[in-house]
Amino acid sequence: MLKIEGVSYTLPDDVPLFQNFSMTVNNGEILGLSGKSGIGKTTLAKIIAGYLRADHGQINVQQMKGKSHSVQLIWQHPEQAVNPKWRIDKTLEEAGVPDQSIIKKLNILPEWLYRYPKQLSGGELQRVCIARCLLAQPEFIIADEITTMLDPISQAEIFKILTEHVQQNKIGLVIISHDTVLLDNLCHKVIDFK
Ligand SMILES: Nc1ncnc2c1ncn2[C@@H]1O[C@H](COP(=O)(O)OP(=O)(O)OP(=O)(O)O)[C@@H](O)[C@H]1O
């Protein structure tokens, strides 16, 4: 279980962004998080994944597998989430267990492995980032507007793969999106972050 309790965050210029936010994500649960632009969804995602520290409150992960990187964030902009000097094979090797079934499921072509990130399209690179996340065998995944650069068919494919994988592996998934229809279709529960 991932428990977020009473989390508050203040921006560097002393403006409070959000206060006393709580939510719980169970293993195998798919939870949607919507809310207007600039309200703080990405900031909350960074706090949950450990990239930012909250002013107050707690993030508790009750681990089933006891792994150190139990919460993984999939970023909105994949080109900002990878080392531009590493070829794709190195990025994937660093992630963890080299599970070829995940690479295949995400349609990552063998020829991509020897390229650098800028030699892939945004959508192709996002598939690599999703594979990297799954290879790390997280217990919880935060997917922050991960398909904004994809056409509707690719978007549906990506979410089908991701939601099937999390259900099969009892991973908790938080999908952050402005697309409330998408969230209603995919999630067990949707929270309006306001
Ligand atoms: N380092 C920073 N310094 C100052 N303000 C920041 C910083 N990072 C984010 N902000 C501000 O915090 C607010 C929340 O940003 P955040 O990216 O979390 O919003 P969001 O809800 O994810 O938005 P969107 O839906 O547009 O992606 C925004 O107004 C943004 O300008």
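Biologist: Which helix gives the most to the shell around the ligand?
Modeller: Helix α1, residues 41–48, gives the most, with three residues; helices here are DSSP runs of H or I with at least four residues, numbered from the N terminus. This is a predicted model, in which local features need pLDDT of at least 70, side-chain atom pairs count only at pLDDT 80 or more, and totals for chains, interfaces and linings use all residues. Residues are numbered from 1 along each chain as its sequence is written.

Biologist: What surrounds the ligand?
Modeller: The surrounding residues are L11, P12, L17, G35, S37, G38, I39, G40, K41, T42 and T43, where a residue is near a molecule if its C-beta atom, placed from the backbone, lies within 6 Å of it.

Biologist: Switching to α5, which residues are buried there?
Modeller: In α5, I158, F159, L162 and V166 are buried, meaning that 20 or more other C-beta atoms, placed from the backbone, lie within 10 Å of a residue's own, while exposed means 12 or fewer and partly exposed is in between. They cover an arc of only 95° around the axis, which puts them on the same side of α5; the arc is that of the directions from the helix axis to the C-beta atoms.

Biologist: And what does the face turned away from the buried side carry?
Modeller: That face of α5 carries the exposed residues I153, K160, E164 and Q168.

Biologist: What follows α5?
Modeller: K170 follows α5, and its phi is positive, near 55°.

Key: Helix = DSSP H or I, 4+ residues; strand = E, 2+ residues; numbered from the N terminus.
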